[in-house]
Structures are given as C-alpha cells and as structure tokens.
Amino acid sequence: MELTRKQKTIKYLCFCLIILLADLLQNTAGLFPQIFGARCFLLLPVAVILAMSEDVFGGTLLGLFAGLLWDLSAAVHLGFNCIYIALICFLSSALVTYIARNTFITNMISSAVTIILYCIIYWLCFIIIKGVDGGEMTLFSFYLPCAVYTGVLSPVIWLILTPIKRKLNHEKKQNF
C-alpha cells in the first residue's frame, strides 16, 4: 500500500524525532548510563534499523540526518559521522531493497557490522593515524567495549522501533 503525502510527512517527522531523541540520549552527559566507561553509540543502530525499511534515498537521508546531529556535538571529526552513517544507511537500505528481506537477523547483522566498522575506522583515523599517546590500547579499553555495549542494546532498539515502523507504514501484522 502506497502512503499518501500526509502519511509520508508524518512518518519521516516521527523518524527524525526518534533520531533526535537518540542523539540527545547519546550525546548529553548523564542521560544514558555508561558501563565501566563504555558509551552506547545509539545513533548507529537507530539509523540503520530505521533506514532498512525505507527506499535507498529515504534511508540515506535518515543516515545523513543522524550523522549531522552527531557531528554537531563533535569537536574533532566534523563530517565523519555524517558521511559514514549516510553511506552505511544507503548500503543497508539497498541491501533490503534489492537483496535480502527486512528481518530481525538482517537488522542485527547490519547493525553489528556498522558498529564494529565504526569503532575500528574511527580508532584508526582519529587515534592511531593522528599519533595519540597510548592510543593503541584505547581499542581494547574504550572502542571495543562501546561496540559490545551498543551491540547488546541493538535487539532492544529493534524491538522498540519495529512496531513504530509498522504503524507508520500502515502494515498489518501477518500470521505465519
């Protein structure tokens, strides 16, 4: 069923509000718990899970918005999150549009790959290449714990977002 213009507007406004809420929880100190110094990168699974139910253009724009919000609170790497999340959301939505089905497993694999790649690429580009003193160990002391923390919360995020996506897409629950 094709959504009307009003329904699409409401859907994308709700998606943007969800991304904005995830950004506030992630980037405002004290709003989301840190476990042994590990932070949860909420925007990564939220953006990917929302983008996987959209067409390629819509998914890319959702990723671009999520990355832009994250970059607004970053002091060092302006533009990295915007480009990375937009590219990952493009690939995730293209995966679901042309190759795979939008299932729990597909969402979790895409989220896990996104999170691990983000941590490793960020560590390499902004810690190792810049020559930060003692930066080699930050992969094990900060980035991998953050990846695990975010990965563990990805199924919970999927459980929260899936009914919202179904409601906004006006899908009926199918019994198998």
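Mentor: The protein exposes about 10100 Å² (Shrake-Rupley method, 1.4 Å probe, only the protein chains shown counting as cover for residues). Carbon and sulfur atoms supply 72% of that area. The model is predicted, so local features need pLDDT of at least 70 and side-chain atom pairs pLDDT 80 or more, while totals for chains, interfaces and linings use all residues. Residues are numbered from 1 along each chain as its sequence is written, and side-chain values use heavy atoms, without hydrogens or water.

Read from the N terminus, the order of elements is α-α-α-α-α-α. The C-alpha trace spans about 55 × 35 × 30 Å along its principal axes. Of the 176 residues in the protein, 43% are buried (under 20% relative accessible area; over 50% is exposed, in between partly exposed; 1.4 Å probe, protein chains only).

Now the rings. A search of the whole structure turns up 15 aromatic pairs (Phe, Tyr or six-membered Trp rings, centres within 6.5 Å; planes under 30 degrees apart are stacked, over 60 edge-to-face, the rest tilted). One of them joins Phe41 and Tyr118, with 5.7 Å from centre to centre and 70° between the planes, which makes the pair edge-to-face. Phe41 sits in the loop between α1 and α2, and Tyr118 in helix α5 (residues 104-128), so this pair ties together parts that lie 77 residues apart in sequence. Phe41 is buried at 3% relative accessibility, and Tyr118 is buried with a relative accessible area of 3%.

Phe104 and Trp158 make another edge-to-face pair, at 4.8 Å centre to centre and 70° between the planes. It too links distant parts of the chain: Phe104 belongs to helix α5 and Trp158 to helix α6 (residues 138-168), 54 residues apart. Phe104 is partly exposed, its relative accessible area being 31%, whereas Trp158 is buried at 17%.

Ring pairs also build a cluster. Its members are Phe41, Trp70, Phe80, Tyr84, Tyr118, Tyr122, Phe126, Phe142 and Tyr143.

The structure holds 2 salt bridges (a side-chain nitrogen of Lys or Arg within 4 Å of a carboxyl oxygen of Asp or Glu). One is between Lys8 and Glu2, whose closest N and O atoms are 3.2 Å apart. Lys8 is partly exposed, with a relative accessible area of 35%, and Glu2 is exposed at 61%.

The other salt bridge connects Glu54 with Lys11, and here the closest N and O atoms are 2.9 Å apart. Glu54 is in the loop between α2 (43-51) and α3 (56-72), and Lys11 is in helix α1 (residues 5-27), so the pair ties together parts 43 residues apart in sequence. Glu54 counts as buried at 5% relative accessibility, and Lys11 is buried with a relative accessible area of 5%.

Notes:
Helix = DSSP H or I, 4+ residues; strand = E, 2+ residues; numbered from the N terminus.
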